[in-house]
Amino acid sequence: MSAPDVTVAVTGAAGQIAYSLLPRLLDGTIFGARVKVNLHLLDVTPALEALGGVKLELEDLRLPTLGRVLTTDDQETAFTGADVAVMLGAFPRKDGMERADLLKKNCHIFAEAGKSLARVGKPTCKVLVVGNPANTNAAILARNAAPTIPAQNVTALTRLDHNRLNSQLALRAGARLDDVRHAVIWGNHSSTQFPDASRATIAGTPVGEALPSADDTAWLRGDLIACVQKRGAAIIKARKLSSAMSAAKAISDHLHDLLNGADDWVSMGVASDGSYGVQPGLVYSFPCACTGGGAFQIVQGLEIDDYSRGMMKATEDELAAELQDALAAAAE
Ligand code: NAI
C-alpha cells in the first residue's frame with residue numbers, strides 16, 4: 001500500500017529561506033522517503049514570476065517525493081487541505097518604519113492567515129510561524145484560527161536559536177553535537193531571549209564539569225548568551241541578508257521532531273499554558289518534549305534560580321508588550 005500524500009503550504013515561498021527549505025521538505029527526513037509532498041506555494045503578486053522559476057527548479061530536482069506543486073498569490077488556494085503550513089511571508093521592517101506600523105501590518109497578515117487556515121486548512125494542520133516577529137505573529141494567528149485549529153497546533157520557530165546554543169557548546173567543549181543535551185531557549189525570538197545552558201550535559205557530564213575553568217564559567221553566563229542573542233544581527237551584518245540556510249535547517253529540525261518525536265528537549269515557541277508563571281496567550285519558547293504526531297509537552301518541574309527567573313521575565317515582558325501593541329495597532 002502506498003503512503004498517503006501530505007500537503008504543505010509555504011508562504012513567502014519566493015524568498016530566500018524557502019529556497020533552502022523546499023528541497024529539505026522533499027528529502028524524506030521530515031515526512032518519510034515514500035510520502036509524496038504536495039507543495040502549495042504562496043507569495044505576493046509581484047513575486048509570482050520568481051515563484052514560477054522556483055517551481056521549474058523543483059521539477060528539475062527530480063525527486064520522487066515531489067507531488068503536486070501549486071503557485072499562487074491567493075491565501076485560500078494555498079491553505080486548502082494543508083496538513084502543515086510554514087509561514088515565512090511577513091512584512092519586512094523598512095527604513096524609517098515605526099515598530100507599531102510593523103506590528104500592525106503583520107498583525108493583519110497573520111490574523112487573515114489564521115482565519116483562512118481555519119476555513120480551508122485541515123483542523124489537524126500544524127502551523128509553524130517563522131516570519132518575524134515570529135512569536136507574536138504566531139499568537140495572533142492562533143487567536144484567529146481557534147477553535148477550529150487548536151492553539152497547540154501553532155508554534156513559532158526558536159529552533160535556530162536552540163541550534164546556535166547547542167553548536168556553541170559543542171564547539172567550546174570540543175564535543176560531538178549529539179553529545180550536548182538539555183540546552184534550551186526561553187522566551188522571544190529576539191535579543192531578549194534567554195539561552196539557558198545551566199542544565200546542559202555534555203556526553204552525560206554536567207556542563208559545569210565539562211567546562212570547568214573560571215573562563216568557561218564566565219563564558220557560560222556571559223559571552224555564550226550574548227553570542228546566541230546577537231547571532232542573527234551578526235549574520236545580517238556580515239551577509240547583508242538574514243540567516244537563510246541555517247533557518248531552513250532549523251525549520252526542518254523543528255518539523256521533524258514535532259512530527260516524529262525527539263530524544264532530547266527541543267525549544268519551540270508554543271502557546272503558554274501558564275507553565276513557569278508565563279502569561280497564557282503568549283507564544284513563548286519553552287523546553288519541550290516532542291512525542292510525535294504533533295504532540296508535545298512543556299517540560300515541567302525544572303528548578304529556576306533567581307538569575308534565570310529574571311532573564312525569563314524580561315523576555316516575557318517584551319512578548320506581553322509586543323502582543324498588546326500588535327492588538328492595539330490592529331484595533332485602530
Ligand atoms: P525574504 O524577504 O527573502 O522572503 C520573504 C518572502 O515573503 C518574499 O518573497 C515576500 O514577497 C513574501 N511575502 C511578504 N509578505 C507576504 C504575504 N503577506 N504573503 C505571502 N508572502 C509574503 O525573507 P526570508 O529571508 O525568506 O525570511 C522570511 C521571514 O523569516 C522574515 O520575516 C525573517 O525575519 C524571518 N526569519 C525568522 C527566523 C526565526 O528564527 N524565527 C530566522 C530567520 C528569518
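Colleague: Let's start with V130: is this residue buried or exposed?
Modeller: Burial is a count here: a residue is buried if 20 or more other C-beta atoms, placed from the backbone, lie within 10 Å of its own, exposed if 12 or fewer, and partly exposed in between. V130 has 28 C-beta neighbours inside 10 Å, so V130 counts as buried.

Colleague: Good to know; what kind of model is this?
Modeller: Residues are numbered from 1 along each chain as its sequence is written. Local features need pLDDT of at least 70, side-chain atom pairs count only at pLDDT 80 or more, and totals for chains, interfaces and linings use all residues; the model is predicted.

Colleague: Which residues have the most contacts inside the largest nonpolar core?
Modeller: Such a core is a set of buried Ala, Val, Leu, Ile, Met, Phe, Trp, Tyr and Cys residues joined through C-beta atoms within 7 Å. The largest one has 94 residues, and those with the most contacts inside it are V129 and V130.

Colleague: From which domains does this core draw at least three residues each?
Modeller: Domain bounds come from an automatic or database domain assignment. The core reaches into both parts, with at least three residues from each of domain 1 (5-156) and domain 2 (159-323).

Colleague: How far apart are the C-alpha centres of the two domains?
Modeller: The two domains do touch: 26 residues of domain 1 are in contact with 26 residues of domain 2. Their C-alpha centres are separated by 24 Å.

Colleague: Which element gives the most to the side of domain 1 that touches domain 2?
Modeller: α1 (16-25), β4 (84-87), β5, α5 and β6 (154-156) each supply at least two residues of that side. With six residues, the top contributor is α5.

Colleague: Which strands pair with β4?
Modeller: Pairing requires that DSSP finds at least two bridges between two strands. Both faces of β4 are covered, with V84 and V86 buried on one side and A85 and M87 buried on the other. A9 stands opposite A85, while M87 stands opposite V129. The partners, each running parallel to β4 over four bridges, are β1 (residues 6-11) and β5.

Colleague: Elsewhere, which strands are the edges of the three-stranded open sheet?
Modeller: The order is β7-β10-β11, with antiparallel pairing. β7 and β10 (residues 201-202) share two bridges, and V180 has I202 as its bridge partner. Pairing on one side only, the edge strands are β7 (180-181) and β11 (205-206).

Colleague: Back to the annotations: where is D43 found?
Modeller: An unreviewed UniProt entry lists D43, N106, V130, G131 and N132 under "binding site"; UniProt positions are in the numbering used here, feature names are shortened, and annotations may be inferred rather than shown by experiment. D43 counts as buried because it has 24 C-beta neighbours inside 10 Å. Leaving aside neighbours within four places in sequence, its contacts are G12, A13, A14, L48, L51, D73 and G89. Its place is the loop between β2 (37-42) and α2 (48-60).

Colleague: UniProt also lists R93, R99, N132 and R164 as "binding site"; how far apart are the farthest two C-alpha atoms?
Modeller: That set is also from the unreviewed entry. These residues span 72 residues in sequence and do not all gather at one spot, since the farthest two C-alpha atoms are separated by 26.4 Å.

How values were computed. Contact = placed C-beta atoms within 7 Å.
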